Amino acid sequence: MAKIAIKAAMGSYGLIQTAINFDSLGLEKGETTSQAVLSDAFGGSITFKGTGFSFNKSGDATAGTATTIEFRNYDGDLVLSVTNGSFAMKSIFGADVGTLLGKLQAGKDLIVGTDLEDILVYGANPGNDTIRAMGGDDYIIGSAGNNIIDGGDGIDTLKFEEALLDGGTMGIIVDNVKGTVRNAWGGTDTITSIETFFGTTMKDVFKGGAGAEEFDGSGGADKITGGKGADTFDFFAYSGKDTITDFGVGKDIIHLVYGQMETQIDSFDDLSIAYRNGNAIITLDADTVLTLNGVSKSELSAADFDFGFF
Ligand SMILES: [Ca+2]
Ligand SMILES: [Ca+2]
């Protein structure tokens, strides 16, 4: 199990491709059979440690296994470390950032954030991982496998909006009472301390727990149950036809994002609300409809909405 640890020098919401210029990486002189360094034109570097390293005249790895990989930024500060791994040098040394991160995360890994705001896990990332985001308001990108995910302190977000681009095939089913997510690849994640959920572009089902949570179904006909606590439901131009089963008038909030709407709807008076069969139906356009089950006429007011460009 490789341990992949983000370091504080990565900074708030930092990305490895910002810390290191991958386009200018080249093999530094002085490589040995157990250590080699790729350095960029701005002082950033990646150090590979392991066994059996060899290189050709072009500076490409021809043999060896890396067990430790250290990423340093232009100040020489460690921003990401990978330890306890076993990676063929031929497949990772000099690879582009997407390929490298994919290979490093492909197994069963322990992925640890900092007490700053982190972005954890990139791309499909298969393997049954353990992810600990620690403090800060973190973004944890959903991934394949049966993962154990702990958001830690702060308001943490588990995101699946891009899952279908990374090989996911289905909407997610969140049960924050049980602490489980059937993820977009069919795996089951066990979750702790996640406060915000972003779904896929397909139909997702959300069941909130005791706390105050935020739900963004993204596209698809999503079904959202906030549960206890004062919850926030995001709705925007590409949300599709969603249903909130238990909207609590005067307790929960609908965050209506008008940034991408063709017709700007930025106040309660702009809303088209119909009432049918005991439900309130808010129509933004023919494809974008939010149904609030069990909410009857004249219950809703401006206080139940929060309008924002984002
Ligand atoms: Ca963190
Ligand atoms: Ca969805």
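**Strands, faces and loops in a predicted model**

Visitor: What makes strand E11 (residues 139-141) and strand E13 (residues 157-159) a pair?

Guide: E11 and E13 are joined over three bridges in the parallel sense. Two strands pair if DSSP finds at least two bridges between them, so E11 and E13 qualify. Within E13, Lys-159 is the bridge partner of Ile-141.

Visitor: Before going on, what kind of model is this?

Guide: It is a predicted model, in which local features need pLDDT of at least 70 and side-chain atom pairs count only at pLDDT 80 or more, while totals for chains, interfaces and linings use all residues. Residues are numbered from 1 along each chain as its sequence is written, and chains are lettered from A and ligands numbered from 1 in the order in which they are written.

Visitor: How many helices and strands does the protein chain have, and what makes a stretch count as one?

Guide: The protein chain has three helices and 27 strands. Both are DSSP runs numbered from the N terminus: helices are H or I with at least four residues, strands are E with at least two. Along the principal axes, the C-alpha atoms fill a box of roughly 75 × 35 × 30 Å.

Visitor: Which strands are the edge strands of the open sheet?

Guide: The open sheet has eight strands with parallel pairing, in the order E9-E11-E13-E17-E19-E21-E23-E27. Its edge strands are E9 (119-120) and E27 (305-308), because each pairs on one side only.

Visitor: How do you know which residues of helix H3 are buried?

Guide: We count neighbours: a residue is buried with 20 or more other C-beta atoms within 10 Å of its own, exposed with 12 or fewer, and partly exposed in between, with C-beta atoms placed from the backbone. In H3 (residues 97-104), Leu-100, Leu-101 and Leu-104 are buried. Seen down the axis, the buried residues of H3 fall within an arc of 95° (the arc of the directions from the helix axis to the C-beta atoms), so they line one face of the helix. On the other side of H3, Gly-98 and Thr-99 are exposed. The buried residues of H3 pack against strands E1 (2-6), E6 (78-83) and E7 (87-88), as well as helix H2 (89-92).

Visitor: How many bridges join strand E4 (residues 45-55) to strand E5 (residues 61-72)?

Guide: Nine bridges join these antiparallel strands, and Ser-45 stands opposite Arg-72 in E5. E5 is also joined to E6 by four antiparallel bridges, where Arg-72 stands opposite Leu-78. The hairpin of E5 and E6 has five residues between the strands, and Gly-76 in its turn has a positive phi of about 85°.

Visitor: Why is one set of residues called a nonpolar core?

Guide: The largest one has 71 residues, and Leu-120 and Ile-140 have the most contacts inside it. Two residues are in contact if their C-beta atoms, placed from the backbone, lie within 7 Å. Residues that Ile-140 touches include Leu-120, Val-121, Ile-131 and Leu-158.

Visitor: Is Asn-277 buried or exposed?

Guide: Asn-277 has 8 other C-beta atoms within 10 Å, so it counts as exposed. Asn-277 is in the loop between strands E24 (272-276) and E25 (279-285), and has a positive phi of about 55° although it is not a glycine.

Visitor: What makes Ser-193 partly exposed?

Guide: Ser-193 has 17 other C-beta atoms within 10 Å, so its count falls in between. Ser-193 is in the loop between strands E16 (188-192) and E17 (196-198), and its phi is positive, near 55°.

Technical notes
A nonpolar core is a set of buried Ala, Val, Leu, Ile, Met, Phe, Trp, Tyr and Cys residues joined through C-beta atoms within 7 Å. Lists of a residue's contacts leave out its neighbours within four places in sequence.
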